[in-house]
Amino acid sequence: MLSGMPLWIVAAIFAAAGVAVVLAGVRITGLADRIADKTGLGEALVGGVVLGATTSLSGIVVSATAALDGRASLAFANGVGGIAAQTAFLALADVIHRRTNLEHASADITNIFQCGLLLVMLSLPLAAFATPGITVLAVHPVSIVLIAVYLLGLRATARVKDEPMWKPVRTPETRDDTPDEEPDRGRGLLTLVLRLAGLAAVLGVAGFALAKTGGRLSDELGISETAVGALMTAVVTSMPELVTTLVAVRSGALQLAVGGIIGGNSFDVLFLSLSDIFYREGSLYHAIGRGDLFWLTVGLTMSGILLLGLVMRERRGPGNIGFESVSVLGLYAGAVGLQVMLG
């Protein structure tokens, strides 16, 4: 479809798709917050499931399309690169939230639990890479296990919210998740859900365009699929998370901001399961290179640092940001620099 187009048109389509992803993502944040209020499910849970999954749709389509085209590295790096980028975005939001450390103010057991779940899920692809490439219908068993772990994790997250066995110590900076006093009296839940579905469809179409143009740019410019996936498609498809996180922090929906990133990252691990299913040449985990694994370990390390920050709840660090944000931003900057050097 793109083979006969000039390179500048391909780049323009890539850019236009990226703009569509950002604009749709901006609108989704407000809808998710209102859905959280109307359903009573809470910002952390809705942020982790509804907001996280919806804003990840463009990335899902990128990975699935790339895998179907036989581009294993692009599909894999897009998923794990997005996890690293989105965790760095949360650290940027911490910089903007000047009052105190964001992880301190947004203390919520569901966010801590989901961060632990994310670490477990990220370890499974490493296990798949280290074991024989056994497949069933060209799908590695770990891909099915990932889906099962995610679904069980969602169920456990709901239980943790309803029957918490741990509660954070309240401080003057702690921000509670309380519904708006008059949440959208003129709009029903169905209307909000339908609007959310429409914006999700826009993200899906944009993701398809990003996958096709990203693959063509890799071929024409001689850039590795790993670099394109981790630094181009992953960052672009993660822009809704950046925008929605900043908007949520500005509006005081701190649990929604943190939960959206952590829950979205857990959902993004399922990109690997979907990519393995669409990749018809065997196990996806045995078709990738060490550069792709590098971004998996970066995301794993950044998520571990975030979990430590959520537990420690440092109130004030340099510039009122915690040690976890400084560490996460430094690690991500170093990883990007190394990837640029390697090409």
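Biologist: Where does L137 sit?
Modeller: L137 is in the loop between α6 (109-130) and α7 (141-162); helices here are DSSP runs (H or I, at least four residues), numbered from the N terminus. This is a predicted model, in which local features need pLDDT of at least 70, side-chain atom pairs count only at pLDDT 80 or more, and totals for chains, interfaces and linings use all residues. Residues are numbered from 1 along each chain as its sequence is written, and side-chain values use heavy atoms, with hydrogens and water left out.

Biologist: What is the phi of L137?
Modeller: Phi is about 55° at L137, a positive value although L137 is not a glycine. Most residues other than glycine have a negative phi.

Biologist: And A138, what is its phi?
Modeller: A138 also isn't glycine, and its phi is positive, near 65°. A138 lies in the loop between α6 and α7.

Biologist: Is L137 buried or exposed?
Modeller: L137 counts as exposed, with 73% relative accessibility, whereas A138 is buried, at a relative accessible area of 16%. Buried is under 20%, exposed over 50%, partly exposed in between (1.4 Å probe, protein chains only).

Biologist: New topic. How many aromatic pairs are there?
Modeller: The count is three, taking rings with centres within 6.5 Å (planes under 30 degrees apart are stacked, over 60 edge-to-face, the rest tilted). One of them is Y150 with F267, an edge-to-face pair at 5.8 Å centre to centre and 70° between the planes.

Biologist: Which helices does that pair link?
Modeller: Y150 is in helix α7 and F267 in helix α10, 117 residues apart, so distant parts of the chain are linked. Y150 is buried at 6% relative accessibility, and F267 is buried at 17%.

Biologist: What about W295 and Y332?
Modeller: Their ring centres are 6.1 Å apart with the planes at 65°, so W295 and Y332 are edge-to-face. W295 belongs to helix α11 (residues 290-312) and Y332 to helix α12 (residues 323-342), so the pair ties together parts 37 residues apart in sequence. Both W295 and Y332 are buried.

Biologist: Which residues make up the ring cluster?
Modeller: F294, W295 and Y332, linked by ring pairs.

Biologist: Back to helices. At what angle do α9 and α10 pack?
Modeller: Helix α9 (residues 225-250) and helix α10 (residues 254-278) pack at about 160°, with axes 7 Å apart. That makes α9 roughly antiparallel to α10.

Biologist: Which residues meet there?
Modeller: From α9, E241, T245, A248 and V249; from α10, L254, L256, A257 and I261. Contact means heavy atoms within 4.5 Å.

Terms used
Axes are lines fitted to C-alpha atoms, for helices over the stretch in contact, and angles run from 0 to 180 degrees between N-to-C directions. Helices (H or I, at least four residues) and strands (E, at least two) are DSSP runs, numbered from the N terminus. Angles under 35 degrees count as roughly parallel, over 145 as roughly antiparallel, 65 to 115 as roughly perpendicular and the rest as oblique. Rings of Phe, Tyr and Trp (its six-membered ring) pair if their centres lie within 6.5 Å; planes under 30 degrees apart count as stacked, over 60 as edge-to-face and the rest as tilted.
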